[in-house]
Structures are given as C-alpha cells and as structure tokens.
Amino acid sequence: MERRRKKAFVSIAVFFALALWSLEGFAYTLLDGNFELKGFVRNITAVRTDDPHVGKGLGGENFEKGDVALSRSFLQAEGTYTISPDFKFYGRWRGSYDASYDMNETSHAIPKDVIDDQRIENEIRELYVDIRKGPLFLRLGKQQVVWGESDGLRLADIINPLDLSWHYLFENWEDTRIGLPMIRAIYAVTPKTDLEFVWAPVSFEPTKFGGKGTYWEIPPLGKGGLFPLPVAPGVVLNLPIRQGDVPTSMKNGSVGGKIKTSFGSGFDVSVYDYYHRYELPTLQMTPTAGLPIFSLVYPYVNSIGGTFNTYVNPIKTVFRGEAVYNHGEPQQDFTKPDFISKKDTIAFMVGVDRPTYLPINSESSFLSFQFFYKKVLNTDPTTVTFGDINNTVPEQTILSGILSTPYPKLIPNAVLTPSVTVFYDTVGAGWVRPMLNLRYGDSWSVTVAANQFWGHDNSRGFFNPINDRSEAYVDVKYSFQ
Amino acid sequence: MRRYFGFWVMAIVVSAFLASGPAGFAKEEGSFVPKPIGGEVKYRIDKANVDQYKDKLTEGLIKVIKEWGYAINVYETVHDYKFPEEYLDATEKYKGTARVNSKGGIENYTAGLPFPEPKTGIEVMYNYEYKYSGDDFKYSYEGQIISSTGRERKMSGSYTRLGYQGRAILDPKPAIPNPNKVELKEISAFTYPEDVAGLALLTVRYQDPSKGDDGWMYIPTIRRTRRISVAQRGDSSVGSDFTWDDYRGFSGKVSDSNWKIIGKKELLMPYHAPTTNPRSKGKIFNSDDCRFELRPVWVVEGTSKDKDYVYSKRRVYLDADSWAILSTENWDRRGTLWKTQEIAFSVDTERHNMFVSNQIMYDLIGKTTTQVVNFKQHLNLGLKESFFTESSLRTSGR
C-alpha cells in the first residue's frame, strides 16, 4: 500500500507538472484566429466528516471519518473552430485521475473492474457542429441539452443523464452530464416564438452510479451491485445485478419537442413532450429454471410538461416554474412478478430569485428559493419498494434556498464569494452546503466547502440514503484561456 | 500502463497545444479605425502646476493628477464633429414635439435630437440618450482591473445594441414597429476571465419609465438561459470599478434618476484619442497616449430615485457638440467623491459618429482602476431583431 500511495502522489505531481507546462495566459489560436483552444487544470479533494452507519445498507461503510472520499485531478480542454458565424465546431475533452483509490486502505475491498472504471477518465465529452440557416439552427453531434427552470432538480432537465459516480450531484451539472449524440434543431418562427426538436436516435446512457465498495455507491446500484435474495430462513444469497446495458439501436432512441413563446412584454412559457427511457434504474427480476436473474432496466416514459418565467418590476423579483406529467414512470414493486409497476407521476417547482441589498455587503446578494412537489398517482398502498433512487416515494416535498454574496474589493486582485445552499426534504432529511470561493487574478479559483447531510437510516427520500456521507472539500482550479 | 496509455497521450498532446502565447486580435473588416488628428501639445498639467488650472479641471481629475501622478497633455480644440444630415433633418422636423412626463419618461419623441435647447437636466440627459450613435452598433473590448497593489486582472467581451426609436439611417425609419414600446435591446457578452466566459446578457429597455428593464442571461455552466433581475445596476460589473450603469459614462435608465443642470462650462476633457490602445502606466494611462482639449460641456447632476442605489450623486460632463459624456464623477452614500471616469472618443467624420476608444474608471478611495479599450467597432450593420432574443442567446453558447 505504501508503494501505491507513492505512486498516487507521483501521478498527481506529474499530472500537475504536465498541466503547469501549459501555463500561459491566453487561448491558443491559429488559422487566423478561427480556432480557439482553452481549458483548465483542477483538483478537488474531499474528506469524510461523518462516521459511517454500518449495517444500514447505505454504502460507503468501509470509509471511516477522515478518509479521503475523493481526490480527483482534471485536465480539460475545449476548442472552437469557427468557419463562419453560421458554421462552427466545438469539442471538449477531459482527462481525470482520482488518487483516492490509491490512497485509501479501503480500496482493497473494491472490485478491480470497478476501480478501473472509476479511477481514470479519458473522454471526449462533447463534439458537435453548429449550423445556422436563416431562422433554423442545427446542432449535430455529442452534446448536452438542458430544458427547464430549476436549480438542482430534474423535471424538464432529463435529456442527458448524470454521472453520479464520483461526487453525486454536487458538481456543476455541466461537468457531470453525460453527453449524447443528438440532433437538436431550433426554428425561430417569430422573434418571440421558437420550436425545438431533439432526437437522440440510437444511444441511451443511464445515470451512472458509484460501483460496489466505492465511497459513492448507493447499493445495490452501480457496477458490481448485488441483490440479497433470501433463499431459506436466515440464509441470503447475494446475486449479481446485471447492469442492463441498452444496445445502440434505433429502437432505443429518445425524441421530443418544445414550443417556447413570450406573452406581452416578458411572460415566457414553454410546453414540451419528451419520449425517452427513464434514466434511473429499476430492478427487474426474470425467473429462470434455476436462480432468478436480476437486472437494472430502463423502461420508456413519456414526459409532458411546461415552464414559465417572468420578472415583476415593482418587487424586482423573478418568478419561474415548471411542471411535468410522467406517463409510465417505473416504480419498484415487489408484489409484481418482475418487480416493476408503472405509474403516472406529476411534479412541479416554483422558484423566486431576487438580488437584494443586505447589511452584510454593499453589493447586492443573490437570494433564491424553490418549492418542489412530486406525487405518484394511483399509488397502491400494498406496494413494497426497495430503495428510493427512482423516487418511488408516493409524495415528495423539497424546499431549497441559495444565498450568495460577492465581495469584489475585500482582497486586492480577487473576488471573494461566500454562499450557502440548503435543500430540505419534508420527510426530515436534507443537505446544507456552506461555501467560500476566492477568484484570484485571471485564472485561479479556490473553493472551500462542506456538504452536510442529515436524515434517517432505512427511510425514503433522496437524502436519507446518504445521510452519513457528509464531507468537507477543497477545490483548486487554474484556467488557461 | 497500456490501459492508461491513451489518457496520457491525450494529456500530453493537449498540454502541448496549450503551451502557447497570445495570438493577438485581428482587425475585423469594415470596423472603424480611428485616425489620429495630430497637433502639438500646447501645455502640460501635472502635480506641480495643477492648481493653476483648477477652474478648467473637474474635481476628480484634480485628485488623480495630485494623488496618482497623472499628467495631461492639452492640445488645440478641434470642433470636427457633425451629426449626419438625416439626423439633423429629423431634429428639425420633430422639433418641439418631445416632452418629459411626470414620471420622467419621454413622450412624443420620434427621431432626431429631442431637445435642441434643453431647459432641464433630464432634457439634457435625453439628448444624451438619443444622440446619434448609429441605429445599431457593436464593438469588442478588452480591459484590466488594477488592484490597489498594482496587480492586474483582465476582462474582455463585446457589446451589441439595436435602437428601436429615433432611427435616422436604416429602415424602418423612424422606428421599428413594436407594440411593447421597446426603446432598445442590447447584448453584453463576456469572453474573459474564465468564470464569466460564455456569459451573455440580453437586456430589453422600454420607453415606459415605470417598466423596468427585462433581462435574460445565458450561463454556460448550467447550459441554459436564466431570467434575471437587472434592477441592481449599482452592482460592480464583473468585479471591475464600473457598475452596470457606468459604461460609456451612463448606461442606466434616464427616468430612474432626478437630474439638474449645474451649468455650461469650458473644461479640459479627453477628446480625439490619439490611439485606441493607450499604454498603461501602472494604474493610469501613459499621458503621451491621451489627448485633452478645452471643450464646452453641459454639467448635469443626477440622484437616483432608488434609496439603495450605490451612488448618492452622479455628475456627468456632456460634450456640447455631440451630447456624448466625456467624464463623470460619482459620490458614495456618505457624500465622499468616490470615482471619476474619463471617456476618450475618436471622431468618425465619415459616418458622423463618436466612437469610444477607451475608458478609465478611477476608484479614488479604494485606489484601484479599470481600464477598457474598445475595438472592432461597427455601426449601422442592419442587425435583425431575431438576434436580440432569448433563443439567440441559447444557441450562441456551448
């Protein structure tokens, strides 16, 4: 293990040396300024601050308080090649290495294929071409498409799945959304109204969860997950759960459309319909002559919804909201032969944003609140569920708030921004993140923050399964552009 | 090792590409290129002799010369700016029709200079608002924010504007028909530093003074457009010494302040900038790259109607020839002179326009400055309304 730790530190040092070699203050441009390349090098290191709740099936039990949950170094480059204002290419590559797998004693308990999958990343995250012809805009290629009005919630923001395998939801989602090859078309009918069409013809990717034994696992999801099958009184057989890979095929594509318009001088609304595979897994049991087979599957769902936003000048407040009706959302139901039932669900979010002058700062502070509610329609009280990652709770209410206040003059040549984010699930669980970010000069960003969770073991909701995963972290980033 | 070979190859290749220097900025075809008008320095004002000329200098400029080591070179005054004929014709045609209502809004304005003989401070400011600056225009800018310790942070971006009213050159004239009574639409896009690169802010300003600006911002890290409140215009713009209301002298809503005329004077003002890219000399510009002339200016003071506004008072100095703002001073809430700004114009005699070559904002209390130079300036491009939409923001970002 000592050799592995040395290897880890040497790797981190080489990585940073490599990145620092490319230290320069400007984007690399060539082809008469038509090609621009920029990027960043970054390290985030997180330490667990809670004792694990052993035996509660929450995962991460091998990691003690004080263990390194994450020590990931990134090198990212993005390039834009502009042939004309109506024709340009964009690509983004990211490489990363998580040294925690080489630093922690607990890594010996993690299957080798899981470590190989999660320790190093080498990925072209996006690669697409933009074409404009009059009122028609096309984006073709591997991309992210974001609909909706919510912060930290996914109602309409369902087109791209997320990679939750290395820091759950606590990154900018731009950095954890999984890009998909898609066709995106937006047609401006009038300056106020546009039609949008999105088609991912052949590829489906599910939400990625941390593999078995990793700090980020949510059992039994993720690579290496096991289903505890009781075979006799007091006897449990742990059967492997197949990942249910969905093959690349026209039969597994997703498609949808949206109309967006504005009423009067500023009431924006949109309605959409998106037919897609549900990106969160549902456990399916397939009986055989011998032992049953357990798989994670992703049935199709039709999501119909709408959004709005408006600004009310007399109170200087932005109101925004969205609602969605999901037809055929899979629910985990052990009374069913295959463990799955399909229900309809409704969810909505209403949010308010208001920059406000507070006594703590001469600059205005950003205040934002959201109210979220989701209900499973036609709930069967006899349904026995397993885990709540696919939100099988019959009702869910979450309140959230953000306060952020910048100090551009407190420290010479820097902007200091403290902020706090709170999410509260009315089942009695939640998350608070105090954060302090310092932007120094043109290129440096240092963030010190903590993710503090609370909740109950063996209870439903989003935060309960991770209520013992509190952490503190430092995030250092150097950008070159 | 073989398994990670591809990762390390990519990392080395990418790092090699990134190990490079600046490529500079290309002049865009058709953009305005100022020509220095030349001339000899008549006299120089510095710390040693500034008191001799104090009746010709603003209070803010005196402080900068005395306390910051600035010196100004004074040249012959050249009056070469003239409005385009179409604008002068419109001024004559609609003379006497515009008026200011009880809310501070302008009514019955069609085109041209609304108040050729202004009687009140707000009429002077509406002359500034509707002076000829093209029916649409755009430019790029670069700047540095210089801290009290002399360290620099850079910023860059672009600004594009479409005027709906008072159109003199481009069809439709004199106004773009719009039932929502839009005055103008503008897009501010940021390209540097990294934390704001890719941000683009669309602001819609209405003729009705009781109707606040509407704003949408495309934020690349969340990959969507967010409706925002642009009400807090007294906030620092991207951490600089400029607030959102400070650009080009004053970029806020005229009706949001009470204005009064202090007087009409002859003062030393930056004019006919010798270069579009003055050299920095620490926190100030190199004097040899600046040009001052004795100019007739209107002096107007404004106080915001918003009790929370960052400035207790703003004084603006407007060029009597062009109605452009040449300098400003801003007082903090305690009544202390806090900031002063110089805006150096170049005169485009062909297209009858005053282009802002550079601006500098001095924070006299915090001892910081923000220097901005503008380039790739275009006028009357025939920009379409479809560019100034939320949809356009959405599709211009990554």
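1. **The main core.** A nonpolar core is a set of buried Ala, Val, Leu, Ile, Met, Phe, Trp, Tyr and Cys residues joined through C-beta atoms within 7 Å. Buried means that 20 or more other C-beta atoms lie within 10 Å of the residue's own; exposed means 12 or fewer, and partly exposed is in between, with C-beta atoms placed from the backbone. The largest such core has 59 residues. B:Tyr317, B:Leu318, B:Ile325 and B:Phe345 have the most contacts inside it. Strand β18 (residues 353–363) of chain B gives the most to this core, with six residues. Apart from it lies another core, of 30 residues, including A:Tyr168 and A:Trp173.

2. **Ground rules.** This is a predicted model, in which local features need pLDDT of at least 70, side-chain atom pairs count only at pLDDT 80 or more, and totals for chains, interfaces and linings use all residues. Residues are numbered from 1 along each chain as its sequence is written, while chains are lettered from A and ligands numbered from 1 in the order in which they are written. Helices (H or I, at least four residues) and strands (E, at least two) are DSSP runs, numbered from the N terminus.

3. **Confidence.** pLDDT is the predictor's confidence in each residue, from 0 to 100. Chain A averages 87, and 90% of its residues score at least 70. Two stretches need care. Residues 22–27 of chain A stay under 50, with 17 contacts beyond four places in sequence. Residues 386–391 of chain A are also below 50, with 18 contacts beyond near neighbours in sequence. Where pLDDT is low, the predicted coordinates should not be read in detail.

4. **The two chains.** Chain A holds three helices and 23 strands. Of its 481 residues, 44% count as buried. Chain B holds five helices and 19 strands. Here 51% of the 398 residues are buried. The C-alpha atoms of chain B fill a box of roughly 80 × 60 × 45 Å, taken along the principal axes.

5. Two residues are in contact if their C-beta atoms, placed from the backbone, lie within 7 Å. Leaving aside neighbours within four places in sequence, B:Ile325 touches residues that include B:Tyr128, B:Phe250, B:Leu318 and B:Ile343.

6. **Helix α2 of chain B.** In this helix (residues 59–68), B:Gly60, B:Leu61, B:Val64 and B:Ile65 are buried. They lie on the same side of α2(B), because they cover an arc of only 135 degrees around the axis. The arc is that of the directions from the helix axis to the C-beta atoms. B:Glu59 and B:Glu67 are exposed on the other side. The cover over the buried residues includes β1 (43–45), β16 (325–331), β17 (337–348) and β18 of chain B. Just after the helix, B:Gly69 takes a positive phi of about 80 degrees.

7. **Antiparallel strands in chain A.** Two strands pair if DSSP finds at least two bridges between them. Strand β5 (residues 120–133) pairs with β6 (residues 136–143) over seven bridges, in the antiparallel sense. A:Ile131 stands opposite A:Leu138. Their hairpin has two residues between the strands, and A:Gly134 there takes a positive phi near 60 degrees. β6(A) also pairs with β7 (residues 180–188), antiparallel, over eight bridges. Further along, 12 bridges join β20(A) to β21 (residues 429–440) in the antiparallel sense. A:Leu416 stands opposite A:Leu438.

8. **Backbone points to check.** Most residues other than glycine have a negative phi, and most peptide bonds are trans. A:Tyr168 has a positive phi near 45 degrees. A:Tyr168 sits in the loop between β6 and β7 of chain A and is buried, with 20 other C-beta atoms within 10 Å. B:His352 has a positive phi of about 60 degrees. B:His352 lies in the loop between β17 and β18 of chain B and counts as buried, with 22 C-beta neighbours inside 10 Å. A cis peptide bond joins B:Asp171 and B:Pro172, with omega about 0 degrees. Another cis bond runs from B:Lys173 to B:Pro174, with omega near -5 degrees. B:Pro172 is in the loop between β6 (152–163) and β7 (182–192) of chain B, and B:Pro174 lies in the loop between β6 and β7 of chain B.
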